[in-house]
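Here's a quick briefing to read alongside the model. It covers the ligand shell, then a pair of helices.

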Amino acid sequence: MSDGQTPKVLDDARSRLEFIYKRLDASADAQQRLSHPQRVIEAAIPVRMDDGSLQVFQAWRVQYDMTRGPGKGGIRFHPDVDAEEVTALSFWMAIKCAVVNLPYGGAKGGVRVDPKKLSRMELERLSRGYIRAMYDVIGPDTDIPAPDVNTNPTIMGWMADEYSNIARGQYPAVITGKPLGLGGSQGRVASTGEGALQVLKIWTDRNDLDPKKMTVAVQGFGNAGYYFACAAMNLGFKVVAVSDSKGAVYSEKGLDIHAIWKHKHKTKELKGIVYSEESVEQEKNVDHLDNDELLKLDVDVLALAALENQITQDNAQDVEAKLLLEIANGPVTSKADTILADRGIPVLPDVLVNTGGVIVSYYEWIQNRTGDYWTEDKVSERMRERIQHEADRCFKLAEDEGISVRNAAYMQGIRRITEAMDDRGTQGFFNGDS
Ligand SMILES: NC(=O)C1=CN([C@@H]2O[C@H](COP(=O)(O)OP(=O)(O)OC[C@H]3O[C@@H](n4cnc5c(N)ncnc54)[C@H](O)[C@@H]3O)[C@@H](O)[C@H]2O)C=CC1
Ligand SMILES: O=C(O)CCC(=O)C(=O)O
């Protein structure tokens, strides 16, 4: 998405730290350490294609900071993935794990590929190849991958299986977001969206707002966006628009999210949605919009659940929503943040809003290590408790200090990371090798 106007995502991500360092009076040592990823691994993955030809895919795993524990973070399959993007995503993982006080550092992986162009067998060979390439740097106590954009439980299952094959043992805790039959956790699939809804609910409660009177538009109708939209609908929000990479659908009366999801799975797009008979009334009211139009809708909540750099200095002026909810990582640039703040539009930040996924990944890791498997209710109750506690702290810090919720969340996360750095001692710089 970088076009000269739009900043490089990593520079932009790190630019937010200057303010935080000043507020926290962070040591020069800690600042230096957080200026560099601890480790960047690049690999070339050869894959035998179904037609007999060989294709080589570039892949990365970046471990940004592992001071507070093993690296944690998803693996993205996308044609635009590069080292810089994966590094930015690993940096956000470090912050977010600290914001919700998980005993993890931050890492992220990526493969430069358009998975829609691969057959299922090719995708499996690529996924297994990723693990063979990264085997030496991942592990239940070192770095624990999970799903992200265009990866899912099936892919995590192949990856966990490949790791176990190489290690000649059962190591389910090396990967989270697995299928239930391979040690996945109840509730992981819906957790990112449901966690995001919970942060929104804490916000509406604190601000005395009634969800039943609020409209929502959702950019990105994938794992995170779909489960968020369902949870929002269940709580009484009216979801009036959703989009995917090809376009958006809108109905001022509210959309039937389940019908749209079914349609999207059948046809691979939102376009041409035909509601089921029970919802035939709605069909008449559904309009198709361009992606950009969805971002300008006059709604109470604009939930961004696609990719980075969606609201920039070029379109922040056009946003009519009353609140932005960052379910994706990095959807609002720092310049856009300033424009939105000047216009009085609050942004609930990614490093707090989308933590439901990694929190339940943490619970999956605990279940794998103890062999004690929890019910869905227990998983969701523990996720809700953690989000309530940590979000309340962020919102209170923002109010007490008169700062944005993003700055408050960053202060909460960075404080925990720099304290852990100090606790390791002046010579301490854990890099996962020792
Ligand atoms: N899956 C997870 O557990 C977590 C995901 N996230 C973040 O949430 C975001 C979405 O991830 P997932 O839902 O897992 O990915 P996904 O691959 O399931 O879905 C992504 C969706 O975004 C859509 N999209 C892409 N470009 C778009 C555009 N320009 N306009 C509108 N829609 C567009 C795609 O068509 C797809 O529907 C990413 O930023 C990811 O890093 C964050 C925390 C956890
Ligand atoms: O579940 C996880 O471990 C990480 C999910 C992720 O990649 C993210 O939060 O951005």
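A residue counts as near a molecule or strand when its C-beta atom, placed from the backbone, lies within 6 Å of it. This is a predicted model, where local features need pLDDT of at least 70, side-chain atom pairs count only at pLDDT 80 or more, and totals for chains, interfaces and linings use all residues. Residues are numbered from 1 along each chain as its sequence is written, while chains are lettered from A and ligands numbered from 1 in the order in which they are written.

**Around ligand 1**
- There are 24 residues around ligand 1, and G220, G222, D244, A328 and G357 come nearest.
- The shell has 9 nonpolar, 13 polar and 2 charged residues (Ala, Val, Leu, Ile, Met, Phe, Trp, Tyr, Cys and Pro are nonpolar, Asp, Glu, Lys and Arg charged, the others, Gly among them, polar).
- α8 (223–234) and β7 (238–244) each supply at least two shell residues, with α8 giving the most, 3 residues; helices (H or I, at least four residues) and strands (E, at least two) are DSSP runs numbered from the N terminus.
- Domain 1 (40–184) and domain 2 (190–353) both contribute to the shell, so ligand 1 lies between them; the bounds come from an automatic or database domain assignment.

**Helix α16**
- The 20 residues of α16 (405–424) should span 28 Å at 1.5 Å a residue, and the end C-alpha atoms agree at 29 Å apart (the expected span is 1.5 Å times one less than the number of residues).
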